[in-house]
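I opened my notebook to look up sheets, helices and aromatic rings. My entries follow the picture below.

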Amino acid sequence: MEKHPGSLCINPHELYSLRMQRSREKLEREKMEEQNQCKKKLRVCVATCNRADYSKLAPIMFGIKSHPEEFELEVVVLGSHLIDDYGNTFRMIEQDDFDIGSKLHTIVRGEDEAAMVESVGLALVKLPDVLQRLRPDILVVHGDRFDALALATAAALMNIRILHLEGGEVSGTIDDSIRHAISKLAHYHACCTRRAEQHLIAMCEDHSRILLAGCPSYDKLLSPHHRDDHMDIIKSWLGDKVQERDYIVALQHPVTTDIQHSIKIYGLMLDALLSFNKRTLILFPNIDAGSKEMVRVMRKKGIEQHPNFRAVKHIPFEQFIQLVCHAGCMIGNSSCGVREAGAFGTPVINLGTRQTGRETGENVLHVRDADTHNKIYHALELQFGKRYPCSKIYGDGNAVPRILKFLRTIDLDEPLQKTFCFPPVKDSISQDIDHILETQSALAVDLGGTNLRVAIVCMRGKILKKYTQPNPKTFEARMHLILKMCTDAMRDAVCLNCRILGVGVSTGGRVNPQEGVVLHSTKLIQEWCSVDLRTPISDALQLPVWVDNDGNCAALAERKFGHGKGVENFVTVITGTGIGGGIIHHNELVHGSTFCAAELGHIMVSLEGPECSCGSHGCIEAYASGLALQREAKRLHDEDLLKVEGMDMKLSEPVTAAHLISAARMGNSKADAVLNKASTALGVGIINILHIVNPSHVILSGVLASFYQAPVQRIISERALFSAQSIKVVTSELEEPALLGAASMVLDYATRRTY
């Protein structure tokens, strides 16, 4: 074939390959465009019925709104939001800049049982048109109100997926039945507590569709806890003269299963508040049957005109939580008292049966049979002005990110029909690692004479991470370091997938564990008397805090993880720099009336013995502690009576108790005599303990435990009463008893706050 000058010569095979490549690229572009068009936003409808459920739903609504590329938010408002007597609270939704897609007037006035039923019926009549128009992919429903039951019923019958918040919980009145009915209609569940999760599983709900998220309101509660303007908020509602923690918040609702009794309790509560004579902010009851009668009782007693009272229909949630946070006490039967108030450690008096079965923190005092004015008044005297550790039973402030992540995993192509599971009730934690498989753990702090240590400890007693720093000499530096190390550990806990339940602190000296205060310290820790450890740590970390003596912590560690596990009565003796310990009697730690029980090192075994660090003479610690043995070793060394042939001891090396023990083992009679006297003193002291509390075990802990175990067992068999001679003396196998004991305070108590 003749080629023309200047023409391009292209190989036919190359031309074909080029065309095929361009064709493939075009197909890929078209496929990507098609996928982008097919990727549909999740259409989420959030329905709110009253001021209480909006406080839980609003954080989720803000979260959904902040991701417009993934979600499309629709808002439906119904119930008491639209009633003037209850504050027309739909306005706060508009103030939060949410577009309300539908407002449904669903409340039939009357405030009795029949009106509640008619309200459910009216909602069922109106909801189908709204849901058909909005066509949501998923409807978010909260709690246990009759309005929410209507929402869930309508959505389930219209084949709309339902996400139910706060299912699985237990409380009093008809609310329980409504809550569980909604759970059975719902396709997905976001619950607040481990126990609620277990209840849902026991109700045959599919555990892969259950998210342990925590309460969404805690995301707000834990962020603005210490607002600078809280006094302005308090004064705007209660007047300029009121002081922080010197007022009461009262909120009492009807109990629909026993209306007349709940009205009686309401009257008694008002009488007690009038007698108690403190400034009181009282909120109107909710719209349940019986609320009208309660308002009549309030007006009959002149509460709205009384100078000590401010009666209101509604308070914005952000302001309300500040009022609860800084109140001297909260009283009534609102779930806010047993849930949200615990996040601040605010004292709460829970009246009657409306919250029966709720998990609560130690800040709640239950007056179940509130049948007299005096009983309620006495509860006010006990609770008013106290402060408790902050509780995170219902959340840790991260519920919304978990719920949004959960929503993203919903597959709209899955069959809509619910399936129920019938496994045995699971005791283990959630199996869905992508959602909430977080190891329940504690932060443990050990304040020693030399070092300050912090550890992350899991439920099984494994130390996941440990931090050690020299213990500063001054109070300010020590507290700063404690908070910094705890903050670092909290950050690392997230990476380790640990949920920190609280902080346990082990420290030398005498401790009041009820108040979290170090009363008197040992000489080894300077500037450490009358120190409130609980408050600054709890305020900084927003966690409950437990504090106890290091000897008591060692006993707690043995009870949970060591030789004391399953033993009803035992004594732990720490043999280290000093001598300490703890006593477990009938499975409980003995503290004593002034918190100096189990000061085992200061049991006197001689009237004329050596001087002890406590100022007395003849204490066990003056004979058998590491410092006492070091003192005797130095004396022998100064008299040139310590070192024996074959003993390796450098001139520059400080003399310690270890040299004394080494010399005795190599035949030094002087050293052996000192150790025999120390062993005898310790053994006699332990015999005194055996004859007083009669434990079944004695557990020796600390660096000298292995040395003392055999001599102490021998002395008991020789000198104790016959019935006590068979008591076992064992050596602890725990490497970190102080840290493990501090952790056990959290792990044992933070997980059992139930009513």
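This is a predicted model: local features need pLDDT of at least 70, side-chain atom pairs count only at pLDDT 80 or more; totals for chains, interfaces and linings use all residues.

**Notebook: sheets, helices and rings**

Entry 1. I began with strand β18, residues 510-512. Which residue of β19 is the bridge partner of V511? I found V518. Strand β19 covers residues 517-520 and pairs with β18 in the antiparallel sense, over three bridges. I then looked up the whole sheet. It is open, has three strands and runs in the order β18-β19-β20. The pairing is antiparallel. The edge strands are β18 and β20 (531-532), and each pairs on one side only.

**Entry 2. Six strands.** I went on to another open sheet. In what order do its six strands stand? I wrote down β10-β9-β8-β11-β12-β13. Here the pairing is parallel. At the edges I found β10 (309-312) and β13 (364-367), which each pair on one side only. Neighbouring strands in this sheet are turned against each other by 20° on average, with direction ignored. A reminder to myself: strands of a sheet pair through backbone hydrogen bonds, either parallel or antiparallel.

Strand β11 has residues 329-332, and strand β12 has residues 348-351. They are joined by three bridges in the parallel sense. M330 stands opposite V348 of β12.

**Entry 3. Helices across the sheet.** Which strands does helix α12 lie across? I listed β8 (247-251), β9 (279-283) and β11. Helix α12 is made of residues 317-325 and runs at about 125° to β8. Next I checked helix α14, residues 373-383. I saw that α14 lies across β8, β11, β12 and β13. Its angle to β13 is about 170°.

**Entry 4. An enclosed helix.** How many of the ten residues of helix α15 are buried? I got seven, so this helix, residues 399-408, is largely enclosed by the rest of the structure. The buried ones are A399, V400, R402, I403, L404, F406 and L407. I marked F406 for the next entry.

**Entry 5. Aromatic pairs.** I searched the whole structure and noted six aromatic pairs. One of them is Y188 with F406, an edge-to-face pair. Y188 belongs to strand β6 (residues 188-191) and F406 to helix α15, so the pair ties together parts that are 218 residues apart in sequence. Are these two residues buried or exposed? Y188 has 4% relative accessibility, so I count it as buried. F406 has 2%, so F406 is buried too.

I looked up another pair, F276 and Y377. This pair is also edge-to-face, at 5.6 Å centre to centre and 75° between the planes. F276 is in helix α10 (residues 259-276) and Y377 is in helix α14, so parts 101 residues apart in sequence are tied together. F276 counts as buried because its relative accessibility is 14%, under the 20% cut-off. Y377 is at 25%, so I wrote "partly exposed". Ring pairs also bring in F384: F276, Y377 and F384 are linked into a cluster.

**Entry 6. A charge over a ring.** Last, I looked up W528. Which residue has its charged end over the ring of W528? I found R478, 4.8 Å from the ring centre.

Definitions and conventions. Residues are numbered from 1 along each chain as its sequence is written. Side-chain values use heavy atoms; hydrogens and water are left out. Two strands pair if DSSP finds at least two bridges between them. Helices (H or I, at least four residues) and strands (E, at least two) are DSSP runs, numbered from the N terminus. Axes are lines fitted to C-alpha atoms, for helices over the stretch in contact, and angles run from 0 to 180 degrees between N-to-C directions. Contact means heavy atoms within 4.5 Å. Buried means under 20% relative accessible area, exposed over 50%, partly exposed in between (1.4 Å probe, protein chains only). Rings of Phe, Tyr and Trp (its six-membered ring) pair if their centres lie within 6.5 Å; planes under 30 degrees apart count as stacked, over 60 as edge-to-face and the rest as tilted. A charge sits over a ring if NZ of Lys or CZ of Arg is within 6 Å of the ring centre and within 35 degrees of the ring normal.
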